[in-house]
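User: Could you walk me through this model before I set anything up?

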Amino acid sequence: MRVLKFGGTSVGSAQRMKEVADLIDDKHQKIVVLSAMAGTTNSLVEIANYLYQKNHDGANEVINTLETKYEQVVDELFISEAFKSRGRDLIKSHFEFIKSFTIDMFTVFEEKAILAQGELISTALFHFHLQEKGKQSALLPALDYMRIDKNNEPDGAYIKENINKILKEQEEQAVYITQGYICRNAFGEIDNLQRGGSDYSASLIGVAIEAEEIQIWTDIDGMHNNDPRYVENTKSISELSFDEAAELAYFGAKILHPTSVLPAKLANIPVRLLNTMEPNAEGTLISSNQRKERMAAVAAKDGITAIKIKSGRMLLAYGFLRKVFEIFESYKTPIDMITTSEVGVSVTIDDNKHLDEIVNDLKKYGTVEVDNDQVIVCVVGDLVADNKGYANTIFDAVKDIPIRMISYGGSNYNLSLLISAKDKKKALNLLSDKLFNQETNEI
Ligand code: ADP
Ligand code: ASP
Ligand code: MG
């Protein structure tokens, strides 16, 4: 069995949904994981924000615009009056549900229920569309098997047991359709796997059913060697190792959700990134195969804050770093990058929610400096220490850009630089020119 995930743009209009339906062949049994139609989750977030502010007029305006959009989708997607009418009823019931929250108290529980509507609608519409085409398929409700635990981590055992149970209970199908992104939490409430989380759903499902392959279908022909939103002439990479892909996803390559590679890596299930608009393009195959001696790609992670704790006297004392890390742990704030010197330690975080409390606590151990608006630029490839010269090429490329932190050696696949956000675009372009676009590469 295969897992095929189609992202928001891939199902972003009635026409695109039809193209996805045409793409799905009968050769392999498959679970099709769908995101919400492009823009929907953003609109649902907007609605929730208005409802938190008790701005019902604001909420209603976004709700009505979104509902009108879906009525048009239904009109274009279906041919027969019978299916148009089923589509209209479906939209009506989901929007009545969303509107019901404009009257009562609004909490995070209601917010999560609203955010789930995008994927529930896209999968139901797609299911109807296949039916109208005469293609057999079954819906697998993600809320019946996808679950996170008390620490907001996927509950692998629960997911495996329940998705396989649901599959067994159903009549055997060539195509199953399910929602990405949405899940239940440890209390059985509706929750989600964070923005962009449909990739994570696909990977967790792939592992749970021991899929032969996980395919992520999106709007670009695989992982490119730099961020195409900031750099021209980026190129698709045909093969990446799990480790390289995980680093790139974690450090900002938006094509993959940051945590979606790890489950596939642990279960050794190949992940293929493919382009819905160009289905015959090769895309990127992510597997355990590590290509030697090459720099594969550059990515950048935004919204980074650097924190420097200076304490010459204490740093050399054993236990100092533990105390520093415990502060971050107590606020459930992960650290991305670390560098140390004799007099201090610098770390970066991408979640500022508890920044003030963290800084306050750190002050017990020394002077604390905070730099906002930083970016981690990360070069990924086979960067094992035995391969000489990589660092030189990378630093030569960015020699005119001020660098705040450097991290290398944490893995064999990554060299990271912390720079100011204003230098990001320039740094990405300089790295592309030097690493990928020169006729004779120095490495
Ligand atoms: P989906 O809606 O299908 O999940 P996303 O928008 O989340 O799609 O991810 C695809 C986008 O990721 C591309 O359109 C591209 O702009 C962006 N992207 C950022 N970095 C990369 C990269 N290194 N390679 C390919 N795409 C990238
Ligand atoms: N619809 C969700 C989002 O926009 C999940 C996803 O697309 O992966 O974040
Ligand atoms: Mg995405």
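Analyst: What follows covers the conventions, then the ligand, then an annotated site. This is a predicted model, where local features need pLDDT of at least 70, side-chain atom pairs count only at pLDDT 80 or more, and totals for chains, interfaces and linings use all residues. Residues are numbered from 1 along each chain as its sequence is written, chains are lettered from A and ligands numbered from 1 in the order in which they are written, and side-chain values use heavy atoms, with hydrogens and water left out.

User: Ok, which residues surround ligand 2?

Analyst: Counting residues with a heavy atom within 4 Å of the ligand, the surroundings of ligand 2 are Ser35, Ala36, Thr41, Glu119, Tyr181, Arg195, Gly196, Gly197 and Ser198.

User: And which N or O atom in a side chain is 2.8 Å from a nitrogen atom of ligand 2?

Analyst: That atom belongs to Thr41, and the pair is a polar contact, meaning N or O atoms within 3.5 Å. On the backbone side, an N or O atom of Ser198 is 3.0 Å from an oxygen atom of ligand 2.

User: Switching topic, what does the UniProt "binding site" annotation cover?

Analyst: According to the unreviewed UniProt entry, the annotation covers Lys5, Phe6, Gly7, Gly8, Thr218, Asp219 and Arg229; such annotations may be inferred rather than shown by experiment, and their positions are in the numbering used here, with feature names shortened.

User: Is Phe6 buried or exposed?

Analyst: Phe6 is buried, at a relative accessible area of 0%, where buried means under 20%, exposed over 50% and partly exposed in between, with a 1.4 Å probe and protein chains only.

How values were computed:
Polar contact = N/O pair within 3.5 Å; in protein donor to acceptor, adjacent residues only side chain to side chain.
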